[in-house]
Each structure stands twice: as structure tokens, then as C-alpha cells.
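Please read it alongside the sequence and the coordinates.

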Amino acid sequence: MKPAIPIRRTEEKILILLIILSTILLSLPSPVKFEFANRFSGIVLYPALWVTGRLIELRLLNRDLAELDRKLNQVLIQFGSERLKASERTDEKPDLLLAYIVMRDPKSRVRFFTINRGDKEGVRVGAPAVYQGNLIGRVITVSSNQAVVATILNPNFRVSIQHLKSGTNGILETTPQSIRIKYFLRDVPIQPGDTIVTSGFGSFAPPGLLVGRIDRVEEGKDLFFQELTLLPFINLGSINHLYILR
Amino acid sequence: MMLILPYLLTYLLITLSFNMGQSFPDLILILVVAYAMLGPPIPALGFGFINGLLLDLANPVGLGLNSLLFTITAFLALRLNKIFFQRIVYQYLLLILLFTIISLLRADPLLKAILTILVMIPTIYLLSWKLTE
């Protein structure tokens, strides 16, 4: 059977020519090689080098930005704890672990997040998830490489909270319809827009993390407690990363 | 079209290989082999040489090495084309081995060479299948 493309003498001549040319290039002294490459690569490889340069720049900027974001979160958490305990000022920086949200619950997309950090990185069940000084949720299950975070919008999420102005404590409890604050005394003056932070009492979250602002205040039927509804500061649908407090 | 398209593809692959680092198969080598098997013979030799030269310009320490290797590769792929028409298994394996050696000569880390071979085996098999049709 004949080959589809017959080899001719011309090809062999061209091959020899190209081999000679390559050998000449190979035998050039190093400074000449660099001079030659510098002169031509700037023109011939300009688009490829330009794209590469931009990508490297973006990668470095992204790394710097991630570092700045981590520092900002540390400062915000420190600031949060100082807000409540001004006398117990500490320079100890919280140990934050950056985690990217790799999956969201398919129904609401804001009640459960799967993150790309797990047991190997020191994530533990119950660890709080924070973002810019706000409490996002808590870790509920951990495997070696990933973990699931139940957010504050997840029904049955509970955390001990504090009204920042008055220092009055209460319990935050999420229902399928809203985020409610229970056991908040009726005689404490509270306005829509007031800030609520974590109290740190008997809960997984440290004191001073922002939780949200008061949306509605209702008298209710209870003799001792008010009925409050809360809105979080952070739009959980728009974040793509968070920090785990180790 | 047959003359310009491979160069555009080369350019894309060079940009990709700059950014993907060492854990990226040597797709330019595979492209040279594929072009030599499918394209016209004389431009195939030039294509091998120019591809090698483009890579050499990016890394001028061994200026000429890639162009030499790619020219020889293109010629071997042209010369050994007839093997595919006979479709004898050991000859096919011999060809894979040959390109493996070329790939190892080019690639510094073993991972890159292994990845190249993994991509090259089905490519050459598919090309030989296409040419025998």
C-alpha cells in the first residue's frame, strides 16, 4: 500500500536546510542568543506576553486583595469585641481561615454553603463563619476537604445576641419566614435600625460580631418580652467567600 | 486556511502554556505531529521549525533546540505516515515510543511528559484511524 503523502527529495533538502539553521542557532554564544530572542520576542510574541503579563498581574493583585480582605476581617472582629468590652482591649488577632463557597443549597441558595476547607485545614464543627465582621453562620458538618455552613438564614439557627445601645441580651432564632429575636425585655427602648451583635454568652460565636439591624418592633401578646424582627447587614446571596474563625 | 489556522492555534497554545506552567501537556508537539500527518508536507516542516523557534524565543537559553526537535519530529511524522496505513500494533507502539522520547527531551519535569503522552496516544490513534478511512 502506498503512503498518502509521498516523500520527495525537496522535503529532504528543506529538512537539511532547517537542521543547519537550527544548529547555527544552537551554536550561537549565549549573549547573542539573548540579544536575538529579546529583539524578536517583543514583536512576535507580544500578544501572548501581554496576555500572560496581565494574567500574572491579576493573580498578584488577587493575592494582595485576599490578604487585605483577611486583615480587614481580623480588624473588624477585634473592633467588634472591643465594642462590648472596651476595658479588655487585646492585640490578639483572630485566627481566620479564608474559604470559598463552592456550592449553595439548591432551593434558597442562602441557607447552606459548602466551603472548600475541611478537617485538614483545621475546620471544626461549630466554628463560626464570618465576613467583614458579620456573623454568617456556623459549620455543621466537616469532611477532610470541605465543610457545610448553616447560615443565619437557615431555619432553627440560634445564637445569643445583644442590643448594642442598651446591652440587653436576647436569643436570635430563624424561622422559615423571618429572623426573630426572642426573650428581649419589653421595657427596653428599641428602634428599627438598631444594631444587634453577638453577646458571646454560651454560644459558639465570640462577642461583638455584627448580626443585623432591627427591622420591625411589635408589642406582641407576651407580658414580659417584645417581638422583634431582624435583617442581616450582609446579602448572603452575593458573597463568594467567607472566613472560618478557628 | 490550512496554513493560517495552525499558526493561530499555536499562538493560543503558547499563551496557554505560558500560564498553565509545567502541569500542562505539550500540545504544541502534538499539533506539529498532527499537522505533519494531515497537512501538506513542505509547510509541515516549516510549521515544525517555526513552532520550535517561537518556543525558543520565549526561552532563549537553548535557542535552536526546540526548532531542531520540532523539525525532526515533523519529518519523522511525515516519513512514518505509511505505518498507519498498515496498522500493525507494534509499529504503532514504536511510533508512540519515539514521540515519547522527543517529548522527554523537551520536557523538564516528568509530569509534563506523561501528560503529553496521555494526550498523544489517542490523538495519533484517531489520526491514523482517520487517514485509513
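Strand S3 (residues 128-131) of chain A pairs with strand S12 (residues 241-245) of chain A in the antiparallel sense over two bridges. The model is a predicted one, in which local features need pLDDT of at least 70, side-chain atom pairs count only at pLDDT 80 or more, and totals for chains, interfaces and linings use all residues. Residues are numbered from 1 along each chain as its sequence is written, while chains are lettered from A and ligands numbered from 1 in the order in which they are written.

**Terms for strands and helices**
- Two strands count as paired if DSSP finds at least two bridges between them.
- Helices (H or I, at least four residues) and strands (E, at least two) are DSSP runs, numbered from the N terminus.

**Chain A: pairing around S3**
- S3(A) also pairs with strand S4 (residues 134-142) of chain A, antiparallel and over four bridges.
- A:Val130 stands opposite A:Leu135 in S4(A), and A:Val130 also stands opposite A:Tyr243 in S12(A).
- The hairpin of S3(A) and S4(A) has two residues between the strands, and A:Gln132 takes a positive phi near 50° there.

**Chain A: pairing around S8**
- Strand S7 (residues 169-174) and strand S8 (residues 179-185) of chain A run antiparallel and are joined by four bridges.
- Four residues lie between S7(A) and S8(A) in the hairpin that they form.
- S8(A) pairs with strand S11 (residues 225-231) of chain A as well, in the antiparallel sense over five bridges.
- A:Ile181 of S8(A) stands opposite A:Leu172 and opposite A:Leu228 in S11(A).

- Chain B has seven helices and zero strands, giving the pattern α-α-α-α-α-α-α along the sequence.
- Of the 133 residues in chain B, 42% are buried (20 or more other C-beta atoms within 10 Å of the residue's own, with C-beta atoms placed from the backbone).
- Among contacts in chain B with a separation of 6 or more, 60% link residues 24 or more positions apart; a contact requires C-beta atoms, placed from the backbone, within 7 Å.

**Chain B: annotated regions**
- An unreviewed UniProt entry annotates residues 27-50, 57-78, 84-105 and 110-129 of chain B as "transmembrane region"; UniProt positions are given in the numbering used here, feature names are shortened, and annotations may be inferred rather than shown by experiment.
- Residues 27-50 of chain B are 92% helix and 0% strand, with end C-alpha atoms 15 Å apart.
- Residues 57-78 of chain B are 73% helix and 0% strand, with end C-alpha atoms 26 Å apart.

Technical notes:
A residue is buried if 20 or more other C-beta atoms lie within 10 Å of its own, exposed if 12 or fewer, and partly exposed in between; C-beta atoms are placed from the backbone. Two residues are in contact if their C-beta atoms, placed from the backbone, lie within 7 Å.
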